[in-house]
Each structure stands twice: as structure tokens, then as C-alpha cells.
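Please have the viewer open as you read.

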Amino acid sequence: MTEMNAPLKPLTQLPAWSKLAAHYGAIKDIQLRQLFADAPERTAHFSAEGAGLFLDYSKHRITEETIRLLIRLAGEAGLQDRIDAMFRGERINLTEDRAVLHVALRTQRGESILVDGENVVPMVHAVLDRLASFAEQVRNGTWNGHTGKRIRNVVNIGIGGSDLGPVMAYEALRHYSSRDMTFRFVSNVDGTDFAEATRDLDPAETLFIVSSKTFTTLETMTNARTARAWLVQNLGDDGAVTRHFVAVSTNAAEVAKFGIDTANMFGFWDWVGGRYSMASAIGLSTMIAIGPDNFRAMLAGFRAMDEHFRTTPFERNLPVLMGLLTVWYANFFGAQTVAVLPYDLYLKRFPAYLQQLTMESNGKGVTLSGTDVDYQTGPIFWGEPGTNGQHSFYQLIHQGTRLIPCDFIGFCRALNPVGSHHDILMANLFAQSEALAFGKTADEVRKEGTPEWLVPHRTFPGNYPSSTILADQLTPEILGALVALYEHSVFTQGVIWQIDSFDQWGVELGKVLAQRIIGELCSEEEPPLGHDSSTNALIMRYRNKRDAEM
């Protein structure tokens, strides 16, 4: 087995990479029309199923040889060894010397995953049990506010993974949520975010969940202090804080200093990265919204995909196949983005969630060995729900100059069946992937009687790749499987690219500089500025304009 810290042979020097480059040269101009004409049953060869999800990847510019070589590349990159190391609790986050064990968050009771010789599974379930108990108290009215009123509003205060996961999960599972409660999410340090989230809420009926591992995150704690002041001002008693604030954190001293009873602090661990934390205590708002049973069903979906990823041969392994296809397009076709297009309005925040998951994980330009990469990593993920996107940006995908691989996500049964709406919705999903793949030739346009001068404008080149992910219905279990699918696809890409998908040093520099500038903006005296001429000028213009309005 490959040692985790053993130097890796550079990616572009791996034999499979060279073979893939030659293979790309041979098939880069091949048309999907031709591939399907040559193999009408192509989908049977290029589809896979697992954890309740069906993946059709037949509309990709690939042959069986492509997949064979991509899987060989995964083998040469040591993907299976890295998967096994992650599940064993090894410190695969090398730059921070940490284990990467979001998979432990959804492990069943009685199993064992060791971190530094300690089984972490009992700790995980102890926290889950405490979360479930508290969530039930809030949901059934046992936990009341300071004045005795029932809690009817829950406001989650966090940022990054402490916000994007909870808000995405709430929106995705709103169908299952308690409809006699209101859920809001505050993340932006822009005061408008807090003001709009609380404008119509009764403080006596509002619970704040402050999610910050260190309880020092600038944006989160600024919003938390504003929330505390809002509550105390309205209820007239500092003691109200203990009934209206709980913390998701590991810093008991700061939590207590804020005024939160540490008995109402729910912890997690440094082997859970923020963008991988929605199944941890960070998901408290989700559990209150949908209930502990539905939350456990979501964890079961995560777990099913974890096991699929860990044990399924690569040729049928959904996350591996999706990750390898991303590498194929990024590194050989030069594709710079991936569009994620869910045909379910409940998943409207899913692309935004994936932006952090994918781009914070794999937006790296340095390999594990510290050398600069000489190939593309971390494509830009973006998207909107169908059918809205069809009337927005699909024009660029169909007839623009960029190659944009697409992931279509759909469900066979609607959660809100209304007439023929769902059939129309899904017809659009199937039609869009078909149109992208096969387009419309100039001859086909002419046969419709189109004037010759208009033919080029109405021709669709096609040959644009897409995957289609289908599930029976959007349930908590399926949401868990869907999130884990992308988590492990991102991991697969990172292993191939030889980067650390679990650190995020790139977010640090701006934070450090912001702390310095905050002091310069808040100073009563005009401070000496030592930035570049542009930053100095912007700071001075801001101060002058701000003060002129006072």
C-alpha cells in the first residue's frame, strides 16, 4: 500500500496520463451523434446506480477506452489507498495534520473509526443524541423562551459551511419541515442580513443558534453580538440570553463569556471541515426543522453513498465516475466550469452549496509535495434550478463558444403533484440534455423551411456533454446520498490532481488584511495608511464620504 506521505510521481508523468492525452487527440472531434449511432444501447454501458441514485453518463464524449484509461489513472494515483486511509481516520489533510472524517458523522452505532487510537463513533452519537433531545424540546414546546412563550422562530447564525449546509438542507427538505415554525439564516456581516432576518420576528419567540467552531469568527460573532443586543433590548434582561441562544462550538470559555449556558453548547471536532459539516451539530437547525427521525434518514443516505464509494469497483462507482469525468473535461478539453441544474425548486440552494464544497476544496495551485501544478484544477461550479435557467443562461451553453459539462438532477415523483406540472418539468430536463448532446444540423433547419440567411442562427452544434442523475423522490435520505455523491467526487478529483482537498489557506490572507483595515476605518483620528495607492485612496474616499453623511 502506498504510504500517505510518500512522494508522488507527478501527475503528468503517470503512464495513464500520457495514454489519455494520446486518446484525447484521437477522439476529441468525435460526435455524440456518431457514438449513439454506432451503439444504440450505449446507455446500458454508461450508466450506474447506487444509494438510490441512477447516473446516466452516456451523453459524454467518451468511449469504453476513455473510461478504462481514466480508471487506470485513478489506480496509478492511488485513489483506493486514499479512500481506505480516509475511512481509517488517517491524517490525510496533510497541511493541517488532521484526519478527514465527515464519514464518521453518519456511521452507525457500534462501529469503530479510530483517530489517534480513540474510537470517535460513540462521541458522534452522544452529540447526535443531545441534538435530538434538544430539537424535540423546541419542536414540542418543552423548551420555552425567557417569558414563557413557545419558540416559533429559529435563526441560524454562521458563515461558510456553518451557513451554506444548513440553509441548503432547510430549503431542500422544506416539504418535511415543521410549518408552524419560521427558520431564518444570517451569514453576511452586511447589517442588512440581520435586519431583514429579524424584522418581523418576536424576540420572545426566537431562538438563535450561533455556529462557530472557535466562537471568534468575525462575521458570525459580529452578527451574534447584534442578535444579543436586539434580544436584550427588547426583553429587558441579560438573563434572557440563556433561553434564546445556543452554541455550536468547541470553545466553552468564549461561549460562557457570551452568556450561553455551556450545557447548551453542542460540539464537533477538528476532523470535520466546515464545508463537510452539515451532518454534524452544525445541522441543529435542520434537525429542529425536519425532526430527529428525518435527520437520521438523511444520515442514512449519506452512509449509503459512503459505503458505495468505499466498496464499489470504480467502473460502477458513482462518485469516482463523476470525479474522473470532471478531470477528463478540465484537463483534456480545457473546460473551466460545470453547471449543476436541479429540476426541483427545493434544490434551489444546492448549486450555491456545491460552490463552496467544490471550489474551496479543489481551488488549489500547489500539490501535496509543495510544487506548483502545471495543469488545471478546481473548475467553477454554478447553476440554477430548471426550468428558470432555460430562460436565462442556457443560450450560452447551447450556442456559445464555451464547453460547459452539465449535471442534470431530477426526480421521478413530485413532492407537490399539481396537474401535469411535474411531467412538463421532467420533459424539459430530458429535452435539454438531448438538445445539448445532439443539437440541430443546418440541413435539419433548412428542411423546416428556414431562409438560408437565418440557418446559421438556428443551428445548434450539439456535442455538449451532460450527466443525468435521477432518483425516485427528493427525501431526506436521497438528499444525504446526493450531497455525499458530490463530496466523494470532489475527493476523487483532488486525489488525481495530487492536492489537499481539505485545507483552505486561500481564505486567510483577506481575513488578516481586513482586521488591519477595520482598525483604520473605525479610528476616530485619521490613521497613517501603509497600503498600495489604490487601497489607500479607497479607504480615504470611504472615510470622507461616510463622515460627510453623519
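This is a predicted model: local features need pLDDT of at least 70, side-chain atom pairs count only at pLDDT 80 or more; totals for chains, interfaces and linings use all residues.

Residues are numbered from 1 along each chain as its sequence is written, and side-chain values use heavy atoms, with hydrogens and water left out.

**Cavities**

- A cavity is a set of points, on a 1 Å grid over the protein atoms alone, where a 1.4 Å probe fits but cannot get out; lining residues have an atom within 4 Å of a point.
- Grid points are joined across faces, edges and corners, and a volume is the space filled by probe spheres set on the points.
- Among the 13 residues lining the largest cavity, Leu-325, Thr-326, Tyr-329, Val-338 and Pro-405 are the closest to its centre.
- Helix H14 (318-333) and strand S10 (337-342) each give two or more residues to that lining, and H14 has the largest share, with five residues.
- Helices (H or I, at least four residues) and strands (E, at least two) are DSSP runs, numbered from the N terminus.
- The second largest cavity holds about 50 Å³ of space.

**Aromatic rings**

- The structure has 29 aromatic pairs, where rings of Phe, Tyr and Trp (its six-membered ring) pair if their centres lie within 6.5 Å; planes under 30 degrees apart count as stacked, over 60 as edge-to-face and the rest as tilted.
- Tyr-329 and Phe-333 make a tilted pair, 5.3 Å centre to centre with 40 degrees between the planes.
- Both Tyr-329 and Phe-333 sit in helix H14, four residues apart, about one turn of the helix.
- Tyr-329 and Phe-333 are both buried (under 20% relative accessible area, with a 1.4 Å probe and protein chains only).
- One aromatic cluster is formed by Trp-17, Tyr-24, Trp-328, Tyr-329, Phe-332, Phe-333 and Tyr-375.

**Strand pairing**

- Strands S5 (residues 153-157) and S6 (residues 182-186) run parallel and are joined by five bridges; two strands pair if DSSP finds at least two bridges between them.
- Val-154 in this pairing stands opposite Phe-183 in S6.

Methods
On a 1 Å grid over the protein atoms alone, a cavity is a set of points where a 1.4 Å probe fits but cannot get out, and a pocket is an open set with protein on both sides within 12 Å along at least five of seven lines; lining residues have an atom within 4 Å of a point. Buried means under 20% relative accessible area, exposed over 50%, partly exposed in between (1.4 Å probe, protein chains only).
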